[in-house]
Amino acid sequence: MKKTTSPLYESLVSRRDVLHLAGKSAAFAGFVSATQTLPAAAQSAPTLRIWMGEDYVPAWNDYLPVMIQKVAAEMEINVEVELTPDNDVGRARRNTALESDTLPDIIQGTTADSARLDGLGKLHPIAAEVVERMRGTNGGWTAGIEEFVKGPTGNIFGVPFFTRPWMVHYRTDLFDKIGITTPPATLEDLMEAARAVHNPAEGIYGAGMPYGQADMDGHMVAFPWLHGGAWQNAAGELTVETEENLAGLKAYLRFFEEGLTPQDSLNWGGIGNNNAYLTGLSAIVCNTGSLFAALNRDRPDLAEVTRFGPWPSATANGSPAATTIGFCLNIAHNSPNAELAGQFIEKMLEPENMAPLLEAGSGQAMPVREELTLIDYFQNDPIVGSIVENIVPHARPLTSPGPNTPQYGELVSNNSPYFQDMLHRVLVDGMSAEESLKLFAADGDAVTAKYQ
Amino acid sequence: MRSATSQKSHLAPAVSSGDLRKIAKRNETLTGYAFLMPAILVLGFILLIPFVQACILSFYDKPIGGEASYVGLHNYVATLTDPKFATAVGNTVVFVVFSIAFKIVIGMSVALALTAEFPGRGLARVAVLIPWALPEISAILSWVWMLDGNVGALNSILRKLGLVTTNIYFLSDRDWALPTVTAINIWRGFPFFTLTLLAALQTVDGKLYEAAELDGANAWHKFWYITLPSIMPVLLVTTLLSTIWTTNSFTTIFVLTGGGPSDITTTVPIYTYDEAFKGYGNLGRAASVAVITLPFIIAMIVFLMRVMRKREEME
């Protein structure tokens with residue numbers, strides 16, 4: 001298959017020029033409107049366009065733009081900051097900017113999505129210099145965090161911002177009643193606990209495992225790990241069809257085959273398992289801090305009886321694991337203010353700015369700077385402290401043991417449909433796990449071909 | 001005299017009345033085109049150029065944000081040999097046929113009922129339009145909650161009425177999912193039939209019914225031989241419009257099931273969306289799906305236009 005871009009395509013099909021013009025016009029219009037009320041000195045200062053992610057926690061969304069404006073004031077520059085939601089609307093917006101090559105100077109993304117931008121050549125290499133400079137300040141980066149932002153050649157494509165580990169949530173009140181007082185040591189113990197509290201007639205399901213499109217990365221990346229497998233190797237090559245991965249897939253399928261999870265979980269969106277836990281429908285779910293934040297806000301009674309843990313190992317001598325999403329700050333490849341953007345990110349990540357933000361995040365965001373791990377919130381808050389103590393040591397980047405590659409990101413990242421397809425083939429269409437895994441491997445090959 | 005004639009001929013060139021008519025006709029034509037030009041330009045920009053772009057795009061592999069690579073007919077071959085596309089076409093046919101059939105029957109029945117005189121008829125006429133008038137996303141999201149297999153109101157009601165003993169997973173059971181999304185589409189779409197048919201029923205001459213009654217016609221005869229022929233042009237136009245809309249219906253299925261479970265509720269628009277945005281997307285492949293399905297949509301539109309023209313001729 002010849003891969004060329006013909007002049008015909010460029011002249012007739014590519015909407016980049018039009019979109020580029022539209023994007024620039026919109027940016028210019030925004031700049032004009034933003035500078036109309038600024039004093040003369042500020043009008044001459046450069047302006048950074050910044051897109052940050054809208055989060056589950058309102059306090060985070062309230063504080064983040066304020067913090068960015070504060071940093072901008074200190075650096076005597078202008079910023080246009082926007083929060084973009086992690087849904088179809090936000091994705092459409094980011095895709096449009098990507099297609100028109102009008103990404104903002106700084107854009108927040110998951111490391112998987114950022115790897116895709118890197119693979120498309122849309123990120124500025126200056127991020128690596130920023131990361132290097134920051135190694136020597138504020139205690140440096142937390143251990144292993146740089147692995148989250150490494151591309152296939154070992155290049156660093158973004159600046160780590162925060163991480164969000166997946167945590168298994170247990171209803172201790174239900175387990176206490178049946179005499180299960182210690183966290184499951186193995187996956188089989190966890191299954192046993194789920195079976196013990198499972199009582200659909202009373203509206204209680206032992207577990208709440210998704211098999212829709214959302215949240216699959218937190219589950220389906222972990223289960224091969226627990227069985228000694230992984231979806232890619234250290235070199236970044238996909239390794240789908242292995243005995244270990246098949247064992248992981250089969251272990252996950254048991255939640256459904258035994259009816260331990262509600263059947264409707266195949267339609268769950270991003271808040272499906274949150275709702276299952278918050279309504280008392282499911283006694284065990286695995287979720288990021290979004291559920292923890294919702295518990296604190298809406299169900300403090302349930303928060304009190306919730307215990308967190310990593311996924312327990314499949315074997316007694318194996319390692320537990322907590323799949324962890326990395327978020328990073330990227331600089332657009334064509335940013336006219338790349339150096340300034342790098343300095344801005346450095347300033348943003350200083351403890352005085354990040355500490356209040358992490359606290360506003362209500363435990364859904366873990367620090368990436370050593371000094372931030374020492375703040376009161378992570379040291380003294382009993383629940384957040386327990387997350388730091390029990391989960392963070394087992395946190396592994398979604399890409400583990402390999403680097404971020406566009407193909408891996410496309411295959412396994414959040415909202416990727418391929419895991420859903422693999423599970424539906426077994427649970428809805430009646431295909432064997434082996435056959436479905438084989439088709440998942442074929443999906444992986446097709447995705448890999450896109451980036452070669 | 002001769003010189004005078006010659007002078008006259010010089011002053012007024014010989015233009016025949018036929019030429020004048022031609023000039024007038026040409027001016028009229030040019031004026032017509034001038035008036036049409038804004039519409040032609042707008043349609044060109046919003047229809048023709050995107051259509052041509054889509055056709056060309058369908059020959060390229062084009063991930064979002066990535067470079068386009070010419071792949072010839074690969075996208076067409078891949079689409080036409082994809083079992084999921086065949087499933088999507090089959091689902092679309094089932095979805096459209098059942099949706100339209102029930103919309104006609106229910107829409108017609110309700111329209112007939114609402115032509116009768118009864119207290120509160122005005123209120124009923126407004127109420128029946130609610131499903132159609134509600135914002136689509138809000139209405140469908142309400143159904144998502146009501147149809148939830150564990151905590152949905154519908155299961156709760158069915159259990160309380162003793163109609164079911166175990167919950168029905170309307171949106172996640174392979175046997176229930178497609179009938180459920182079809183039912184919701186019918187619920188949303190039948191008021192359009194009711195509205196248009198109700199308007200058409202007002203135009204049927206009451207004297208025809210009186211004459212038929214004198215001839216001993218019963219209710220069925222009156223419906224079959226008077227009502228139906230009288231409203232047939234409207235019914236045909238409404239049916240065709242609704243068929244086109246239903247074939248292209250996206251929001252209802254996307255919000256209810258996203259095309260799942262598995263591909264059980266995946267219709268062609270959902271399949272096209274998946275191809276465009278699945279993972280990191282392939283716009284070229286999605287364009288090929290759109291181009292493949294275009295002739296069917298055009299055929300329906302042509303048929304619709306012919307029906308409308310016939311209707312004009314009848315009037």
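The questions below go from the two chains to their contacts and then to some single residues.

Reader: How is chain A divided into domains, and how far apart do the C-alpha centres of the domains lie?
Author: The model is a predicted one. In chain A, domain 1 takes in 10–164 + 325–397, while domain 2 takes in 167–323 + 415–450. Between the C-alpha centres of these two domains of chain A the distance is 29 Å.

Reader: Which helix gives the largest share of the side of domain 1 of chain A that touches domain 2 of chain A?
Author: The contact draws 16 residues from domain 1 of chain A and 16 residues from domain 2 of chain A. On the side of domain 1 of chain A, at least two residues each are supplied by α20 (382–390) and β9 (395–397) of chain A, and by class this side has 8 nonpolar, 6 polar and 2 charged residues. The largest share, 3 residues, comes from α20(A).

Reader: What is the radius of gyration of chain A, and does the globule value agree or disagree with it?
Author: Chain A has 23 helices and 9 strands, and its C-alpha atoms fill a box of roughly 70 × 55 × 40 Å along the principal axes. For 452 residues a compact globule would have a radius of gyration near 22 Å, and this agrees with the value for chain A, 23 Å.

Reader: Why is chain B said to be more spread out than a compact globule?
Author: Chain B has 14 helices and 2 strands, and its C-alpha atoms fill a box of roughly 115 × 75 × 30 Å along the principal axes. For 315 residues the globule rule gives 20 Å, and chain B counts as more spread out because its radius of gyration is well over that, at 28 Å.

Reader: How many residues of chain A and of chain B are in contact with each other, and which helices of chain A each supply at least two residues?
Author: The contact joins 33 residues of chain A to 31 residues of chain B. By class, the side of chain A that touches chain B divides into 12 nonpolar, 11 polar and 10 charged residues. The helices of chain A that each supply at least two residues of this side are α1 (7–13), α5 (88–99), α22 (417–427) and α23 (433–450).

Reader: At what angle do helix α4 and helix α11 of chain B pack, and what is the handedness of their crossing?
Author: Among the residues that meet are V96(B) and I100(B) in α4(B), and S242(B) and T246(B) in α11(B); by class, this contact has 3 nonpolar, 7 polar and 1 charged residues. Helix α4 (residues 83–115) and helix α11 (residues 219–247) of chain B have their axes 10 Å apart and pack at an angle of about 145 degrees. The crossing of α4(B) and α11(B) is right-handed.

Reader: Which residues does the cis peptide bond with omega of about -5 degrees join?
Author: Most peptide bonds are trans. In chain B, P261(B) has its place in the loop between α12 (251–256) and α13 (268–277). The cis peptide bond with omega of about -5 degrees joins G260(B) and P261(B).

Reader: Does E76(A) count as buried or exposed?
Author: E76(A) is found in the loop between α4 (58–75) and β2 (78–84) of chain A, and although E76(A) is not a glycine, its phi is positive, about 55 degrees. Because E76(A) has 10 C-beta neighbours inside 10 Å, E76(A) counts as exposed.

How values were computed. Residues are numbered from 1 along each chain as its sequence is written. Chains are lettered from A and ligands numbered from 1 in the order in which they are written. This is a predicted model: local features need pLDDT of at least 70, side-chain atom pairs count only at pLDDT 80 or more; totals for chains, interfaces and linings use all residues. Domain bounds come from an automatic or database domain assignment. Two residues are in contact if their C-beta atoms, placed from the backbone, lie within 7 Å. Helices (H or I, at least four residues) and strands (E, at least two) are DSSP runs, numbered from the N terminus. Ala, Val, Leu, Ile, Met, Phe, Trp, Tyr, Cys and Pro count as nonpolar, Asp, Glu, Lys and Arg as charged, and the others, Gly among them, as polar. The radius of gyration is taken over C-alpha atoms; the globule rule is 2.2 Å times the number of residues to the power 0.38. Axes are lines fitted to C-alpha atoms, for helices over the stretch in contact, and angles run from 0 to 180 degrees between N-to-C directions. A crossing is left-handed if the near helix is turned anticlockwise from the far one by less than a right angle, and right-handed if clockwise. A residue is buried if 20 or more other C-beta atoms lie within 10 Å of its own, exposed if 12 or fewer, and partly exposed in between; C-beta atoms are placed from the backbone.
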